[in-house]
Amino acid sequence: MRYPNFIVQPTKNKILQKLERACIHNCYPELFFQQYLLKQNNPFKKATYSLTFDFDFESDIEAFDLLLDKLQQYHIKAGFAVIGKFVKKYPDIHKKAVEQGHEIINHTYTHPNNPHWAANRYFNKLSYQEQKDEIYKAHEVFYNILGIEVVGFRTPHYGNLHTESVYDILKELNYFYSSSTAANEVEGFSAPFWHKGILEIPTGCSMHYPLAIFDSWNMLRKKNPFILDDKKFIQEFEITLKFIQENNLFLTHYFDPYDIIQNNKLDAILHILQDIDTKLYRDLKEVVSE
Ligand SMILES: [Zn+2]
């Protein structure tokens, strides 16, 4: 993967990587973001956004009902990366999500490395068979309890814990897509691309942080670059979406339900999304072919 028209290019060296990020984020983030995204080939051919949520904690399940109400109020369908063990424990709320037309994304059975029950069990360190069991078991639970054949997957924690072996497992299961990478680390320029027979849908960034993932974990919890001015998170989202809209591009993000609601950001996000076409990942099936 090479960045278009820039002196700075991706490197595996951790120190250089840090310098590179600082350089781009401090010197020319907007230019980088714009030139990077303008290279993409948007399969929908018009401005399109895919909204997704990851349900990793009990607190996300507690936020589920309110999230569904809000999505209904704003007429937006979203993708929900959920774990098999929560679907088993809380079948009704997941059924409600399916009935309301939202998409279920396989996020493994137990979400390895979850600090509450498996802090030291890393997905990328599991054997091929263990990874397969995590994915297959969740798939079965979704089929048996929700009555649906899921077609997509998201690796728990993305990037660092994502492994190439996933694609072989997804292929065996006849899955259509994975959304387990960060846009700046893979090809596609933030749009979906084929990898080992599976459509990979990278999670997107934002105008001023083109090398980060624009999610609630990075932007509201871990480093929170908007700590001094809370309004900037939504301003960043808005300015990013405006560029997508004006240039007929594709973008997708994921948020954690509890965090986004707790930080009072959900309404503003859904309000901004009223101006753009929103699609589910499974809708890509109509517009792409390998
Ligand atoms: Zn997760």
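This is a predicted model: local features need pLDDT of at least 70, side-chain atom pairs count only at pLDDT 80 or more; totals for chains, interfaces and linings use all residues.
Two residues are taken to be in contact if their C-beta atoms, placed from the backbone, lie within 7 Å.

The protein chain contains 12 helices and 9 strands. Its radius of gyration is 18 Å, close to the 19 Å that the globule rule gives for 290 residues, and the chain is therefore as compact as a globular protein of that length. The C-alpha trace spans about 50 × 40 × 40 Å along its principal axes. Buried residues account for 42% of the 290 residues.

The largest nonpolar core comprises 71 residues, of which Phe53, Phe55, Phe80, Val82, Tyr177 and Cys205 touch the most other members.

Strand 8 (residues 250-255) is largely enclosed by the rest of the structure, because 6 of its 6 residues are buried. Burial extends to both faces of strand 8, with Phe250, Thr252 and Tyr254 on one side and Leu251, His253 and Phe255 on the other. Strand 8 pairs with strand 1 (residues 48-54) in the parallel sense, over 6 bridges. Within this pairing, Thr52 stands opposite Tyr254 of strand 8.

Helix 7 has 19 residues and reaches 26 Å from its first C-alpha to its last, close to the 27 Å expected at 1.5 Å a residue. Its buried residues are Gln131, Glu134, Ile135, Ala138, His139, Val141 and Phe142. These cover an arc of only 160° around the axis, which means that they lie on the same side of helix 7. The general principle is that an α-helix has 3.6 residues a turn, so residues three or four places apart point the same way.

The buried residues of helix 7 are covered by elements that include helix 5 (84-89), strand 3 (103-106), strand 4 (152-153) and helix 8 (165-172). The face turned away from this buried side carries the exposed residues Tyr128, Gln129, Glu140, Tyr143 and Asn144. After helix 7 comes Gly147, whose phi is positive, near 70°.

Definitions and conventions. Residues are numbered from 1 along each chain as its sequence is written. Helices (H or I, at least four residues) and strands (E, at least two) are DSSP runs, numbered from the N terminus. The expected span of a helix is 1.5 Å times one less than its number of residues. A residue is buried if 20 or more other C-beta atoms lie within 10 Å of its own, exposed if 12 or fewer, and partly exposed in between; C-beta atoms are placed from the backbone. The arc is that of the directions from the helix axis to the C-beta atoms. A nonpolar core is a set of buried Ala, Val, Leu, Ile, Met, Phe, Trp, Tyr and Cys residues joined through C-beta atoms within 7 Å. Two strands pair if DSSP finds at least two bridges between them. The radius of gyration is taken over C-alpha atoms; the globule rule is 2.2 Å times the number of residues to the power 0.38.
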